[in-house]
Amino acid sequence: MTSPSDKVPATDDLAATEFAALQDTWQTLGKDDPLWAILTDPDRRGQGWDLDEFLATGEADVAKYEVLLHDAGHSGSFASVLDFGCGVGRLSLAWGRRATAVTGVDIAAAMIERGRQIVATEPNVRLLVNDDVDLRQFRDGTFDLAFSHICLQHMPWLLAAGYIEEFARVTTPGGFVAFQLPSRGRPGRPTRRRIVDALPAGVRTRYRRWRHGTAAVFDMYYTPPEDVLAVGDRAGLDLLIQQPDESAGVGIEGYIYVFRRRA
Ligand SMILES: C[S@@+](CC[C@H](N)C(=O)[O-])C[C@H]1O[C@@H](n2cnc3c(N)ncnc32)[C@H](O)[C@@H]1O
């Protein structure tokens, strides 16, 4: 006889299953066309990105965060920055021009491999694979800024919330945490997309193989600001700025959040 707990996967099992599906997807994308997977401009598909142009977008994105951090009271002196979901280091490189040391982490070894070639000119930037649903490879208070851009939006909230709590843990007291998350899809988003996004990872993968011939299709998840703020508060983060942001796509409502870790 089975008890209800035999049938409902535990949160840890769910997180592990979602993590494995995510890693598979991004590893495939990272091997195939990493720059396009990061910035999906339809005109740049099939290795169509010029690397300098691609990196210039990173400089612009980081400059935007720099202004917000300044407005939030940051001194402008960055000692140790975490770039979570760094991809090929588009933003790590731009942080590297501002910070003493930058650590980029990514779930996909293929992204990190390509990224190490790209950041090779900047000895203060290191890129590492993060193979876990948390940031256990870093001690408490390792960074004075934990940052993530267009990454948390591609994972279920179960995982994203856990990483936000980890951002707080690995940030030094008084340090800053800044990231972006979309809150609501475009009006009229197809019902089919919403249903597929809500499927358990295994079923979603099988559906995609059937429909697209590949499971390497990434999802977009939308998180209401109340949920973001609740997790931040629980983790010991005080919200300083919540700035409207459309990095997830034009017409997609979202925010950049800047928090400060309670001392
Ligand atoms: C759209 S790309 C953005 C990359 C980079 N932040 C940028 O803006 O150039 C999303 C990245 O997040 C990474 N990613 C997805 N889930 C992750 C996770 N759980 N842990 C670490 N990286 C993850 C993917 O491999 C991918 O490189």
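**Close-up views of a predicted model**

**View A. The shell around the ligand.** By class, 13 nonpolar, five polar and two charged residues form this shell. Ala, Val, Leu, Ile, Met, Phe, Trp, Tyr, Cys and Pro count as nonpolar, Asp, Glu, Lys and Arg as charged, and the others, Gly among them, as polar. This is a predicted model: local features need pLDDT of at least 70, side-chain atom pairs count only at pLDDT 80 or more, and totals for chains, interfaces and linings use all residues. Residues are numbered from 1 along each chain as its sequence is written. The ligand is surrounded by 20 residues, the closest being Trp26, Gly85, Gly87, Arg90 and Ile107. Helix 2 (11-32), helix 5 (90-96) and strand 2 (99-106) each give two or more residues to the shell. Helices (H or I, at least four residues) and strands (E, at least two) are DSSP runs, numbered from the N terminus.

**View B. Strand 5 and strand 4.** Of the 14 residues in strand 5 (residues 171-184), ten are buried (20 or more other C-beta atoms within 10 Å of the residue's own, all placed from the backbone). Strand 4 (residues 143-148) runs parallel to strand 5, joined by five bridges. Pairing takes at least two DSSP bridges. Phe143 stands opposite Thr171 in strand 5. From strand 4 the chain passes through helix 7 (residues 157-170) to strand 5, a right-handed β-α-β crossover (clockwise from first strand over helix to second, with the strands pointing away from the viewer).

**View C. Strand 5 and strand 7.** Strand 7 (residues 253-261) runs antiparallel to strand 5, with eight bridges between them. Here Pro182 faces Gly254 in strand 7.

How values were computed
Near = placed C-beta within 6 Å. Buried ≥ 20, exposed ≤ 12 C-beta atoms within 10 Å, placed from the backbone.
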